[in-house]
Amino acid sequence: MTKWLRLVSAGAFSMLLITGMCVHSGFYEGRGMYPYMASALAISGCAYFWGALPLRDGVVEDRRKNLWGYVVCVPPFLIAFLYGVHLLMTPRSMQGTLDEALRWVYYGLLAASLTASLMYRTSRALLRAGLLAIGVAGSVAGLAAIMGLVPMPYAVLRTASAELAASGARLAGLLQYPNTLGAVFGALLLTRLAVLARFPAATPPLRLALAALPALCCSVCLLLTESRGALLCTAAGWAAALALAGRGVRLRLLLQSAASAAAALALYGQLAAARLAPAPLPALLALGAAASVAALLAPWAHRAASAPVRRGACAGAVFAACYAWAAWGLAPRIAGGAGSVLVRVGTSTWSARGLMYRDAWTLFREAPWWGQGGQVWRSAYRSIQSQPYVGSLMHSGYMDILLNLGVIGLLVMFLWLGLIIWQLIRLRSLWLAPFLVLVLHATIDFDMHYGLIWLLLIAFASLGLCTPSDVQPIPFPRALHNSRGSKFFLREWTSLPRSNGFKMGRRAGSSIAAMVMILLSSLCLRFTGAEQLSHQAVQAFQQGNMEKGRLLIFRSAELAPWREPIQLVASHFMPIEKAEEQVRTALSAEPGSPELWWELGDLLAGKTSALAIPAWIQASELDQFNTAKQNFIIKALYDRTLQLAQEGKDSESRLAAKLGAARFEQYRVLAKQMTGPGVRNDRNFHLTAEANRLSHRFVHAIVSGRLNSSVALGAKSMPESIRQPFPVDLPQ
């Protein structure tokens with residue numbers, strides 16, 4: 001790779017960070033990533049093909065290999081390989097497994113190109129500029145949304161629950177989720193504080209003042225998210241940075257942190273008092289005042305760290321007061337007193353996570369070593385949850401990996417992250433602190449579902465491990481350093497002789513890799529087209545152009561045969577026989593989807609209810625805390641009992657009534673369990689009066705063999721909450 005290509009790689013990665021933050025909501029669940037993956041895979045395929053040509057053998061290559069660059073870029077390919085093996089088996093979600101495999105290949109390619117490009121100073125400057133840009137853009141966008149200067153519907157989370165938001169509102173920002181946004185701002189804040197602390201003593205005050213402003217913005221936005229986990233992880237990362245810093249850097253880091261916290265809390269207090277809905281002019285004036293304070297304190301903190309003892313003691317006392325102010329502001333206070341509670345003190349979110357982890361452990365035991373493929377929790381949580389909480393995403397990235405890839409995948413993940421952290425500690429790298437913030441916070445939230453988080457982790461690891469450093473690293477333990485195994489693995493690969501067989505093997509491997517990359521690129525292009533067509537179909541339906549929407553959704557279904565929402569919508573516009581075939585094909589890829597099973601029951605109801613009822617029961621078993629579905633099945637069984645009685649089939653009618661009574665008893669017991677103390681009934685699961693009334697008729701039918709009255713029921717009487725013409729989670 002030539003120098004200009006490596007510079008382009010670093011610049012493209014920085015633009016990808018900015019685009020992901022500002023345009024695609026942090027690449028949540030991979031949304032918007034398909035075009036970028038297709039481009040990267042196509043470019044990589046061409047590069048591998050070029051490397052397979054014989055004329056490349058005459059090129060003199062740089063034989064200096066960076067072992068830690070391979071540590072950064074190889075494990076993502078191993079994780080992608082594990083997902084690829086699951087595709088050859090029977091995963092719970094074929095589309096989810098394929099998406100995960102494509103994303104991890106993409107992360108590996110990005111890591112490989114980035115680690116190769118950071119040998120140049122310009123590349124490192126471009127990447128640092130990209131990290132600075134996403135911090136500034138994210139904080140400015142969040143503050144502008146709070147002040148009403150920019151319309152962003154989901155930038156502020158408002159709630160009346162004090163357990164969810166102490167001030168009544170939380171900043172969700174461009175990521176539309178406060179907790180992950182807090183972790184991102186915490187990591188970026190530590191990078192800015194580390195940069196401030198490492199400025200030389202003779203740095204001009206203006207440069208220090210300008211460098212302090214991004215730190216102020218990140219601090220304010222971190223506080224506005226009210227994320228306790230993000231604050232704790234940021235504190236842990238800050239403590240690690242403080243422990244590894246040198247004596248002079250440590251003092252500057254302490255003082256710069258105090259200055260940033262003091263200015264940020266002054267602004268945060270005013271915005272929180274207005275419930276994140278202040279008048280624009282006073283809010284702008286408060287922002288200007290806080291920025292002025294931060295700009296004035298930053299040069300003073302820098303000078304105080306290297307001042308004489310008396311002057312330094314005076315400055316230290318002032319900044320100790322700043323820390324005391326920060327501690328007082330962050331401490332929980334009684335609501336309604338002097339100010340509002342700045343730290344949420346409720347435990348409901350933690351109890352919900354505890355339930356989720358307990359249910360996930362039950363699911364993990366089904367396949368502990370190998371896992372069950374991609375997006376296991378999303379596809380299975382409704383069938384195994386012990387209480388009707390709401391949570392389609394596992395609030396722990398490592399538990400999610402454990403469900404997807406089992407113990408083997410989790411070991412690969414821990415080994416990858418652990419090696420990076422170990423080497424960052426040895427190098428005393430400033431990138432250790434932000435890396436730790438994201439790694440720790442992913443333990444208690446679904447940050448790993450954001451592609452931006454993985455891009456940031458790759459960026460921090462690459463900057464920390466693949467950048468020349470003047471710091472003397474902490475030495476390896478003597479036994480490890482002198483072992484034969486370590487000497488073998490630390491040997492440069494290029495010291496091996498290159499025979500003709502080696503060259504032929506390299507060409508063959510490059511050719512195979514090129515074909516695989518081109519194939520994956522074409523697959524990403526198909527999925528890109530499917531998403532665009534489905535979006536156009538939704539617009540056509542909203543405009544009333546049903547024929548155009550029908551044609552577009554058919555084309556989208558052809559391009560993405562395993563994507564459940566698209567297949568469901570397409571089946572509504574097909575003849576019953578073809579729709580049934582379509583749904584059964586989708587079920588082979590998503591066997592645990594209650595929506596597909598319910599749609600199959602609707603289609604079979606057009607033939608006879610005897611065929612539809614088993615499919616509906618299967619759907620309810622996969623979504624047991626759905627009140628509408630449980631109630632509808634009771635009515636369907638009652639309708640079937642009535643039909644058989646009218647046909648004179650008394651024994652069959654009595655069997656149907658027994659089945660209905662058994663289903664009702666199961667429904668009743670489950671609903672009764674949800675009325676106890678401490679139960680999280682977020683889905684409002686309850687026993688309906690209609691089901692209770694029909695249960696008495698089932699008993700009468702079992703005893704007497706006939707029914708006194710009837711209510712004609714069928715698939716067309718299903719509530720709209722169950723059977724929607726267009727699923728709300730259709731890709732946009």
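Entry 1: I began with the contact between H20 and H21, where Ile553, Phe554, Ser556 and Ala557 of H20 meet Ile566, Gln567, Val569 and Ala570 of H21. Contact here means heavy atoms within 4.5 Å. For the classes, Ala, Val, Leu, Ile, Met, Phe, Trp, Tyr, Cys and Pro count as nonpolar, Asp, Glu, Lys and Arg as charged, and the others, Gly among them, as polar.

Before going on, I note the ground rules. This is a predicted model, in which local features need pLDDT of at least 70 and side-chain atom pairs count only at pLDDT 80 or more, while totals for chains, interfaces and linings use all residues. Residues are numbered from 1 along each chain as its sequence is written, and side-chain values use heavy atoms, with hydrogens and water left out. Helices (H or I, at least four residues) and strands (E, at least two) are DSSP runs numbered from the N terminus.

**Entry 2: geometry of that pair.** H20 covers residues 546-559 and H21 covers 564-571; they pack at an angle of about 140°, axes 9 Å apart. That makes H20 oblique to H21. The cut-offs: under 35 degrees is roughly parallel, over 145 roughly antiparallel, 65 to 115 roughly perpendicular, and the rest oblique. The axes are lines fitted to C-alpha atoms, for helices over the stretch in contact, and the angles run from 0 to 180 degrees between N-to-C directions. I also looked up the handedness: H20 and H21 cross in a left-handed way, meaning that the near helix is turned anticlockwise from the far one by less than a right angle (clockwise would be right-handed).

Which residues of H20 are buried? I find Gly549, Leu552, Ile553, Phe554, Ser556 and Ala557. Buried means under 20% relative accessible area, exposed over 50%, and partly exposed in between (1.4 Å probe, protein chains only). I checked the length of H20 too: its 14 residues at 1.5 Å each should span 20 Å, and the end C-alpha atoms are 20 Å apart, which agrees. The expected span is 1.5 Å times one less than the number of residues.

**Entry 3: the next helix along.** H21 also packs on H22 (residues 576-589), at about 170° with the axes 9 Å apart. That makes H21 roughly antiparallel to H22. Gln567, Ala570 and Ser571 are the H21 side of the contact, and Ala579, Gln582, Val583 and Ala586 the H22 side. The tally for this contact is four nonpolar, three polar and no charged.

**Entry 4: H5 on H6.** I moved back to H5 (residues 121-146), which packs with H6 at about 125°, axes 10 Å apart. That makes H5 oblique to H6. The crossing of H5 and H6 is left-handed. From H5 I list Leu131, Leu132, Ile134, Gly135, Gly138 and Ser139, which meet Phe185, Leu188 and Arg192 in H6. By class this contact holds five nonpolar, three polar and one charged residues.

Buried or exposed? Gly186 counts as buried, because its relative accessibility is 0%. Leaving out residues up to four places away in sequence, Gly186 touches Leu222, Thr234 and Val437. Its C-alpha is 7.1 Å from that of Cys218, 32 residues apart along the chain.

**Entry 5: three loop residues.** Gln176 sits in the loop between strand S2 (169-171) and H6 (178-197). With a relative accessible area of 43%, Gln176 is partly exposed. It touches Ser25 and Tyr154, again not counting residues up to four places away in sequence.

Glu226 has phi near 55°, a positive value in a residue other than glycine. I placed Glu226 in the loop between H7 (205-225) and H8 (228-244), and it is buried at 5%. Arg275 has phi near 55° and is likewise a non-glycine residue with a positive value. Arg275 lies in the loop between H9 (247-273) and H10 (280-304) and is exposed, at 51%.

**Entry 6: whole chain.** I count 27 helices and two strands. Of the 732 residues, 52% are buried.
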